[in-house]
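Take a look at the model below.

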Amino acid sequence: MYCIVVKKIQYILTYKNILNFLQKFFFKIIFNTRRKKNDMKNNWFITGTDTEVGKTIFSSILLKIGTKNGYRTVGYKPISSNIIEENNIKKTDIELMKKNSSVYFPNKILNPFNFYEPFPPHFIVQKQNKKINPVILSKNLNILRKYCNWIVIEGAGGWHTPISNDYLYSDWVIKEKIPVILVVGLKIGCINHAILTSNTIIDNNVPFFGWVCNDILSTQNYKKEYLSCLKKHIAAPFLGNIPYVSSKKHFYTNKILQIFDKSIKNFENYH
Ligand SMILES: Nc1ncnc2c1ncn2[C@@H]1O[C@H](COP(=O)(O)OP(=O)(O)OP(=O)(O)O)[C@@H](O)[C@H]1O
Ligand SMILES: C[C@H](N)[C@H](N)CCCCCC(=O)O
Ligand SMILES: [Mg+2]
């Protein structure tokens, strides 16, 4: 009996268990004291009219706003392909999102499915005889929800990018009921993509938080006409415009941050 008790005490006092205990204790003190009543509402799923339209840029702007306002922020990019590596360092969407977040998590949680090949992710996993399991996407999101009150989730490609042969990314967002923000990358063809995507988000009955216009081209004719046409056809709040910038650091100017800070606050009661 004595032996069992001693063993139990020894087990409890192992390095790993003490660390675990301290980690949980401090998380509780630091995080729970600052938890606000409506915390769970600051979750967004960022989709786009296409791939390469500025989803990561807008996600990072949104994270920076949350961080500046004192929220516990995290960016989540469950699935990514076309990862680029420079000097043995992965240049992924999640790295930019991490730079603008306030709570640290390992990539294993923030970016569990990542691939080098520039193809639809479900093709890549199929070739490897693997599967992207949406249960893992939800499991990781729930971990983030425990510790963060400002969560920006970036999709991959557009709204209906498949996760597997019979499951779309949008199916997961619908199941999780995450409010959606659509980024429209301004270029020829985007009107059609924007109308199709926004109508589908509405038909899918998921909260449609708003949309963002992103000037991805250095020059754009008919800018005013594009904006008014898009505003007319997208039945969700217009959150603001990201101008074309010549350098990445200009994405985070006070002017841009203030535009979205204001509109997010304006529309926070939308859903
Ligand atoms: N307003 C802008 N001005 C200048 N460059 C921009 C602008 N918006 C986006 N870009 C550039 O366009 C490229 C694509 O943007 P981004 O990576 O955010 O797209 P994405 O929709 O996240 O793409 P993916 O589907 O691959 O995740 C990046 O190199 C980014 O720096
Ligand atoms: C490679 C790209 N940048 C994204 N990560 C994945 C885009 C998937 C697109 C699927 C489709 O063809 O619609
Ligand atoms: Mg991206």
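**Two helices side by side**

Helix 9 (residues 190-203) and helix 10 (residues 223-233) pack at an angle of about 20°, and their axes lie 10 Å apart. Axes here are lines fitted to C-alpha atoms, for helices over the stretch in contact, and angles run from 0 to 180 degrees between N-to-C directions. Helices (H or I, at least four residues) and strands (E, at least two) are DSSP runs, numbered from the N terminus. Helix 9 and helix 10 are therefore roughly parallel to each other (angles under 35 degrees count as roughly parallel, over 145 as roughly antiparallel, 65 to 115 as roughly perpendicular and the rest as oblique).

Which residues make the contact? Helix 9 supplies Ile 191, Ala 194 and Ile 195, and helix 10 supplies Cys 229, Leu 230 and His 233. Residues are in contact if their C-beta atoms, placed from the backbone, lie within 7 Å. By class, this contact of helix 9 with helix 10 has five nonpolar, one polar and no charged residues. Ala, Val, Leu, Ile, Met, Phe, Trp, Tyr, Cys and Pro count as nonpolar, Asp, Glu, Lys and Arg as charged, and the others, Gly among them, as polar.

This is a predicted model: local features need pLDDT of at least 70, side-chain atom pairs count only at pLDDT 80 or more, and totals for chains, interfaces and linings use all residues. Residues are numbered from 1 along each chain as its sequence is written, while chains are lettered from A and ligands numbered from 1 in the order in which they are written.

Six strands form an open sheet, in the order 2-7-1-10-11-12, with parallel pairing (two strands pair if DSSP finds at least two bridges between them). Strand 2 (73-76) and strand 12 (238-242) stand at the edges with a single partner strand each, so one side of each has no neighbour in the sheet. On average, neighbouring strands of this sheet are turned by 20° against each other, direction ignored. Helix 9 packs on the sheet, where it touches strand 10 (180-185) and strand 11 (208-214). The direction of helix 9 makes about 170° with that of strand 10.

Last come the ligands. Of the 17 residues around ligand 1, Thr 51, Gly 54, Lys 55, Thr 56 and Ile 57 come nearest (a residue counts as near if its C-beta atom, placed from the backbone, lies within 6 Å). Helix 3 (residues 55-68) gives the most to this shell, with three residues. The shell around ligand 1 has six nonpolar, six polar and five charged residues. Around ligand 2, the shell has three nonpolar, seven polar and no charged residues. Among them are Thr 51, Ser 80 and Asn 82.

How values were computed. Two residues are in contact if their C-beta atoms, placed from the backbone, lie within 7 Å.
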